[in-house]
Amino acid sequence: MTPANGLHVRKSVIGAVNPKSGELAALVLKRVNKPVFQASLDLLSKQIENRPIYLVLDNATWHKSKDLGWHNIHPIYLPAYSPDLNPIERLWRVVKDRWFTQWYTDKHKELENRICQALRDMMDKEQEITTLCRSGK
């Protein structure tokens, strides 16, 4: 059983993965809303040097805002309640299993450090990311 003290700490992660190459881009944030999501789109567009890409998205409200600047990013919206169709969800499952099963903290900074460590570890494993995100395993 995981210990608990009544406190709840959380962080949000926005991520994008290229299932062909295994490239992973991610931001660890306090929370996500429309301005934060727009900033992540701006950064992603810069990072991929304005190459056209398709970004699979769930139905979060901020994903569907009419006034978002998409740059060279083409959104593809998933049907409701279908996270298994999103390649990055397979990656998040592995990250959670490896880094957060039987792990507990009530400190925001410890959680942020652990998330960043997990993401850096996965960013070094492009072949594994490709296998996970392309195969649906």
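Student: What makes Lys109 and Glu112 a salt bridge?
Tutor: A salt bridge needs a side-chain nitrogen of Lys or Arg within 4 Å of a carboxyl oxygen of Asp or Glu. In Lys109 and Glu112, the closest N and O atoms are 3.4 Å apart. That value is within 4 Å, so the pair counts. Salt bridges that share partners also join Lys11, Lys109 and Glu112 into one network.

Student: Where do these values come from?
Tutor: This is a predicted model, in which local features need pLDDT of at least 70 and side-chain atom pairs count only at pLDDT 80 or more, while totals for chains, interfaces and linings use all residues. Residues are numbered from 1 along each chain as its sequence is written, and side-chain values use heavy atoms, with hydrogens and water left out.

Student: Why are Lys109 and Glu112 separated by about one helical turn?
Tutor: They are 3 residues apart in helix H3, and that spacing makes about one helical turn. Helices here are DSSP runs (H or I, at least four residues), strands are too (E, at least two), and both are numbered from the N terminus.

Student: How do you know that the span of helix H3 agrees with its number of residues?
Tutor: Take the expected span: 1.5 Å times one less than the number of residues. Helix H3 has 16 residues, 108–123, so it should span 22 Å. Its end C-alpha atoms are 22 Å apart, which agrees.

Student: Which residues of H3 are buried?
Tutor: They are Leu111, Ile115, Ala118, Leu119 and Met122. Seen down the axis of H3, these buried residues fall within an arc of 95 degrees, so they line one face of the helix. The arc is taken from the directions from the helix axis to the C-beta atoms. On the other side of H3, Lys109 and Arg120 are exposed.

Student: Why is Glu112 called partly exposed?
Tutor: Use the cut-offs: buried is under 20% relative accessible area, exposed is over 50%, and partly exposed is in between (1.4 Å probe, protein chains only). Glu112 has 24% relative accessibility, so it counts as partly exposed.

Student: How many salt bridges does a search of the whole structure find?
Tutor: It finds 7. In one of them, the side chains of Asp67 and Lys34 meet at 2.9 Å, N to O. This pair links distant parts of the chain: Asp67 is in the loop between E3 and E4, Lys34 is in helix H1, and they are 33 residues apart. Asp67 is exposed at 54%, whereas Lys34 is partly exposed at 33%.

Student: Which distant parts of the chain does the salt bridge of Glu128 and Arg98 link?
Tutor: The side chains of Glu128 and Arg98 meet at 2.2 Å, N to O. Glu128 is in helix H4 (residues 126–135) and Arg98 is in helix H2 (residues 87–100), 30 residues apart.

Student: How many aromatic pairs does the structure hold?
Tutor: The structure holds 2. In one of them, the rings of Phe37 and Trp70 have their centres 5.9 Å apart and their planes at 70 degrees.

Student: What makes the pair of Phe37 and Trp70 edge-to-face?
Tutor: Rings of Phe, Tyr and Trp (its six-membered ring) pair if their centres lie within 6.5 Å; planes under 30 degrees apart are stacked, over 60 edge-to-face, and the rest tilted. The centres of Phe37 and Trp70 pass at 5.9 Å, and 70 degrees is over 60, so the pair is edge-to-face. Phe37 is buried at 3%, and Trp70 is buried at 16%. Phe100 and Trp103 are also an edge-to-face pair, with 5.7 Å between centres and 80 degrees between the planes.

Student: What makes Lys64 a charge over the ring of Tyr77?
Tutor: NZ of Lys or CZ of Arg must be within 6 Å of the ring centre and within 35 degrees of the ring normal. Lys64 lies over the face of Tyr77, at 4.8 Å from the ring centre.

Student: Is Cys133 buried or exposed?
Tutor: Cys133 has a relative accessible area of 3%, so it is buried. Cys116 has 24%, so it is partly exposed.
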